[in-house]
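Hi,

Here is the structure I promised to pass on. Have a look at it first, and then read my notes below.

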Amino acid sequence: MAVIEVTDLRRTFVVRSKGGRLRRERREVVAVDGVSFGIDAGEVVGFIGPNGAGKSTTIKMLTGILVPTSGRLHVDGLDPSRRRTELARRIGVVFGHRSGLWWDLPLRDSFALLARIYDVPRDRYRTNLATLVELLDLAPLLDVPVRQLSLGQRMRGDIAAALLHDPPILYLDEPTIGLDLISKARLRDFLRDLNAERGTTIMLTTHDLVDIEHICRRVMVIDAGRLVFDGDLTALQRVGGATRTVVVDLETQLEPVRVPGTTVTRVEGPRQWLSFPAHSSAAPIVSALAAAYDVVDLSIQEPAIEDVIRLLYAAG
């Protein structure tokens with residue numbers, strides 16, 4: 001059963017600019033243009049696209065922050081813009097660019113204030129807080145003012161704050177932006193466990209395809225305000241013909257290496273770049289390299305979302 005239903009959603013903004021010495025021109029900008037989709041309870045959906053594609057605008061309409069210009073949407077049976085207060089108790093929201101915590105207060109006090117705002121019963125609050133503190137490793141940070149937290153620590157705090165009232169739906173807008181690799185991995189593991197254990201419906205916007213690969217079973221692509229793809233990540237990669245790249249540093253400079261399923265696209269001294277289809281696993285390639293060559297270092301480069309969308313259009 002769909003807990004998020006969107007039909008022909010459209011949002012426009014009016015932009016005014018100088019058209020002469022005394023005249024100002026009025027121009028309408030379409031941010032979201034006829035988007036329709038449904039998300040079932042317990043789904044984890046990646047919502048991706050380039051900057052300015054309409055991702056954040058869509059999320060803001062789903063939370064009731066923005067009112068649609070036209071179209072229909074319901075979240076857990078409610079119209080977000082008309083019943084925003086009631087909806088707030090059923091959703092959690094994390095914006096990677098903006099914290100929902102109080103800058104000068106310790107993390108513990110921010111949580112306590114949010115519990116009062118959402119009217120969370122005391123016993124339930126204590127249980128939820130203890131669980132989230134353990135899962136997100138927040139115990140050493142509870143008495144630290146938010147302004148003194150690192151970006152990764154603050155993001156973990158924001159996610160805990162968004163889940164204190166047990167919302168069945170969680171929106172995450174760029175939650176891993178600016179995080180180091182360890183913080184990203186920890187956050188991905190938490191979200192995957194949250195969905196598996198609580199059945200939380202998660203809608204995730206991101207520029208990082210690794211986030212999608214590790215967390216989401218379904219991906220929607222938006223570009224120029226229109227939904228251009230809705231399916232699983234493997235299907236997206238097959239349709240677009242996207243490639244991933246293994247960058248390998250060898251002990252010594254060699255001729256292009258030979259590994260089945262790859263194409264060497266670049267060689268610089270002992271470093272070589274091996275391209276392979278994005279829908280394929282990198283594991284056999286890494287194993288083949290390690291078995292046949294003296295490998296010093298190795299990394300995998302994911303295709304940029306902009307490249308995937310470009311290839312998607314090229315495929316028709």
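Of the contacts in the chain with a separation of 6 or more, 69% are between residues 24 or more positions apart; contact here means heavy atoms within 4.5 Å. Do keep in mind that this is a predicted model, where local features need pLDDT of at least 70, side-chain atom pairs count only at pLDDT 80 or more, and totals for chains, interfaces and linings use all residues. Residues are numbered from 1 along each chain as its sequence is written, and side-chain values use heavy atoms, with hydrogens and water left out.

A few overall figures. The C-alpha trace spans about 65 × 55 × 50 Å along its principal axes. There are 316 residues in the chain, and 46% of them count as buried (under 20% relative accessible area, with exposed being over 50% and partly exposed in between; 1.4 Å probe, protein chains only). The chain exposes about 16,100 Å², and 48% of that comes from carbon and sulfur atoms (areas by the Shrake-Rupley method with a 1.4 Å probe; for residues, only the protein chains shown count as cover). On the charge side, there are 40 positive and 40 negative side chains, and the centres of the two sets lie 9 Å apart. Lys and Arg count as positive, Asp and Glu as negative, while His and the chain ends are not counted; each charge is placed at NZ of Lys, CZ of Arg, CG of Asp or CD of Glu.

The secondary structure comes to ten helices and 13 strands (DSSP runs numbered from the N terminus, helices being H or I with at least four residues and strands E with at least two).

Start with the open sheet of three strands, which has the order E2-E1-E4 and antiparallel pairing (two strands pair if DSSP finds at least two bridges between them). E2 (24–40) and E4 (70–75) are the edge strands, each with a single partner, so one side of each has no neighbour in the sheet. From one strand to the next, the twist averages 25° (axes are lines fitted to C-alpha atoms, for helices over the stretch in contact, and angles run from 0 to 180 degrees between N-to-C directions). E1 (residues 2–18) and E2 run antiparallel and are joined by 14 bridges; threonine 12 stands opposite valine 30 in E2.

Helix H1 (residues 55–63) lies across E1, E2 and E4, at about 120° to E1. Seven of the nine residues of H1 are buried, among them Ile59, Met61 and Leu62. Just after H1, glycine 64 takes a positive phi of about 90°.

Then there is an open sheet of four strands, in the order E11-E12-E10-E13, also with antiparallel pairing. E10 (residues 243–250) pairs with E13 over six bridges in the antiparallel sense, and threonine 245 has glutamine 301 in E13 as its bridge partner. Helix H9 (residues 283–292) packs on this sheet, touching E10, E12 (271–277) and E13, with a direction about 165° from that of E13.

Arginine 188 lies in helix H6 (residues 181–198). Leaving aside neighbours within four places in sequence, arginine 188 is in contact with Asp208, Val210, Asp211, His214 and Ile215.

Cheers
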